[in-house]
Structures are given as structure tokens and as C-alpha cells.
Amino acid sequence: MAFIGAGGTIASIGKDPFDVLDYGNNDKRLHADDIVAVLPSLDGLARVRPVRFKNIESTEVTSGDWQDLVLLCTKLAEDNPKLAGIIIGHGTATLEETAYCLSLTLKLTIPVVVVGSQRPLNGLSSDAQANLVSAIRVAVAPASRGRGVMVVLNDEIHAAREVTKGSTFRLHAFQSPDFGILGQVDGDAVLYYRKPERLHTADSEFSVTDIENMPRVDIAYSHAGSDGTAINAFADAGAKGIVLAGFAPGMGTPAEVAALEDAIAKGVVALQSSRAGSGCALDSARHRAIGIIAADNLTPQKARILLGLALARTTDRSEIQRIFAMY
């Protein structure tokens with residue numbers, strides 16, 4: 001199996017074992033081969049081939065990095081037909097976004113596991129080593145095939161579409177609020193209880209080309225008294241799509257709705273999501289009349305990715321509605 005190192009906390013070294021919060025100032029991150037060298041016992045789990053990527057903080061990740069990761073994963077699979085799986089070490093800030101974009105654009109049936117940690121590699125009670133071991137076990141498990149891109153932390157296996165980071169520092173930060181985990185890792189046992197229902201990976205219509213052609217899509221966040229300034233600014237800046245992270249169950253202030261209506265008149269595609277973090281966005285009759293599309297239960301940050309990929313192919317509202325119903 002291959003282990004791609006993309007930086008983040010799982011690759012970070014704090015100045016001492018107590019440096020578990022502000023270790024970014026140390027600016028020391030290990031490459032994939034360095035991480036594997038620190039864990040020689042990995043040889044007992046699988047033959048791990050380390051692959052260097054961009055050793056960065058996940059706050060630096062862009063769609064260009066997603067494109068590069070898709071190309072790299074594809075090449076690794078093509079060059080190694082017997083490859084059991086691929087693991088990507090990643091920072092937790094944008095881990096869920098990278099995982100979701102990969103799940104929509106990778107055409108692989110082998111397991112692809114995105115893994116991170118909440119504490120640096122040398123930190124007191126670091127979860128880095130345990131998370132990597134669990135990710136390896138998931139990647140080589142025969143039952144993992146065909147489940148798309150998965151996220152593994154804290155001995156839990158999550159679907160890329162559904163997982164989100166729900167805490168800043170806690171080790172159990174990653175959750176799948178609506179439907180729960182796919183499975184779990186108990187010791188050397190990888191146990192599954194369900195499969196993702198929405199289209200992904202080999203069954204997805206999207207490709208690496210769509211990442212390259214993704215237009216600008218911005219997210220506006222609703223709050224009491226919002227006058228729609230952010231929406232107007234995004235439209236003026238050239239956004240082709242705007243996601244409104246609205247009040248639950250999925251609505252903005254009157255001024256925000258009016259701003260979205262103006263943006264739609266200018267050719268911008270508007271999407272309504274919820275800032276609640278769980279549940280489907282309301283697909284109201286008023287929104288349909290205006291032309292606002294409901295984002296299903298996708299978080300705003302994931303709705304942005306799917307809308308961007310969709311807009312790389314079409315601006316037809318009914319087609320975009322179809323895409324959100326299937327993915």
C-alpha cells in the first residue's frame with residue numbers, strides 16, 4: 001500500500017512533548033518516508049510505500065492540490081496493479097474537503113483513506129501513530145473495497161461525504177452527524193456496519209478535469225441582521241456560484257434572499273445550505289420560485305465543492321438539482 005504525506009498535524013513536530021496546540025510556529029513537518037521511519041513496527045501490518053507530496057498546513061490547500069492528489073493516486077494505482085490501498089496523511093483543518101473532492105473525482109475501487117491527527121507526532125498522548133495504524137488496517141482490509149474515500153481518526157471510519165470536524169482540539173473531533181460512522185477499528189479488526197448510498201469514486205461522473213475547470217464559488221454565512229453585503233461582494237468579485245450557509249432549516253435574512261435573487265439575475269447559481277451542521281436544507285416554494293437550489297444535507301464547505309464541480313459542466317438549474325440529489 002502507498003502512504004502519501006501531505007503535511008498537517010500528523011506530520012508535525014512540536015518543540016517538546018507539551019507543545020500540542022501552537023506547534024505550527026515550530027514549522028517542522030516530516031515527509032512520508034520520515035514518518036514511516038519513526039514507526040518501524042508498521043512492517044508487521046503491511047508493506048508501506050511512502051510517497052512524498054506537498055508538506056504543507058491544510059489551511060494552504062487549494063483545488064490545485066486536489067487535482068495533483070487525484071493524478072498522483074491514479075498514477076500509483078496504474079503503476080502498481082496489486083496495490084492494496086492508498087493512505088493520505090493530511091491536516092485536519094481541510095481534511096473533510098479534500099476527502100470529499102477526492103471521493104467525487106477519483107476513479108479507483110481500491111480503498112483510499114485520508115487520515116490526520118489532533119496532536120503532533122511527538123506530542124504527549126499523540127493520536128498520530130494510532131490513527132495511522134488504524135488507517136493502514138482499513139486500507140488493506142478486503143471489506144474496504146468499493147466504499148469510496150474514507151476518513152479514519154480515533155478508531156472510527158467515516159464516509160468522505162458525511163464526516164466533518166466538530167471540535168477544535170478534542171481527539172474525537174471528527175463526526176458524521178446525520179448517519180454515523182461506517183465502521184470502526186478495534187485492535188486488528190476492521191468492522192463495517194453500512195455503506196455510503198450516494199454516488200462516489202468509480203461511479204461518479206466527475207473527473208480531475210472538472211477540478212481544473214472549477215469556477216469561483218463562495219460561501220456567505222447568515223447571521224442576525226445580515227444585509228447581504230457579502231453576497232453582493234462575491235457576485236461583484238466574479239463568483240459563478242454562491243452557497244448561503246443559512247439559518248436552520250435553510251433560510252437567510254430577507255436582505256440575503258434579495259441579494260441572492262439579484263445575483264441569480266446576473267447569472268450566478270445560488271445554493272441554500274444550513275449552518276446547523278446536520279439535516280437537510282429546506283427546499284421551499286419561495287426559493288424554488290426565485291431559483292435557489294437546496295443543498296440537501298451537505299455542509300456549506302462540501303456543498304461548495306459539489307457546486308464547483310457541477311458548474312464546471314453545466315449552469316442548468318435542473319441538472320444541478322439532479323447532481324445534488326445523486327451525490
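**Sheet architecture and aromatic contacts**

In the predicted model, eight strands form an open sheet with mixed pairing in the order E2-E1-E3-E4-E5-E6-E9-E10, where strands are DSSP runs of E of at least two residues, helices are runs of H or I of at least four, both numbered from the N terminus, and two strands pair if DSSP finds at least two bridges between them. Strand E2 (49-56) and strand E10 (189-192) are the edge strands, each pairing on one side only, and the twist averages 20° from one strand to the next. Residues are numbered from 1 along each chain as its sequence is written. Local features need pLDDT of at least 70 and side-chain atom pairs count only at pLDDT 80 or more, whereas totals for chains, interfaces and linings use all residues, and side-chain values use heavy atoms, with hydrogens and water left out.

Strand E1 (residues 2-7) pairs with E2 in the parallel sense over five bridges, and isoleucine 4 has valine 51 in E2 as its bridge partner. Helix H2 (residues 63-79) lies across E1, E2 and strand E3 (86-89), running at about 170° to E2, with contact meaning heavy atoms within 4.5 Å and angles running from 0 to 180 degrees between the N-to-C directions of axes fitted to C-alpha atoms, for helices over the stretch in contact.

The structure holds one aromatic pair (ring centres of Phe, Tyr or the six-membered ring of Trp within 6.5 Å; planes under 30 degrees apart stacked, over 60 edge-to-face, the rest tilted). Phenylalanine 206 and tyrosine 327 form this tilted pair, at 5.2 Å centre to centre and 55° between the planes.
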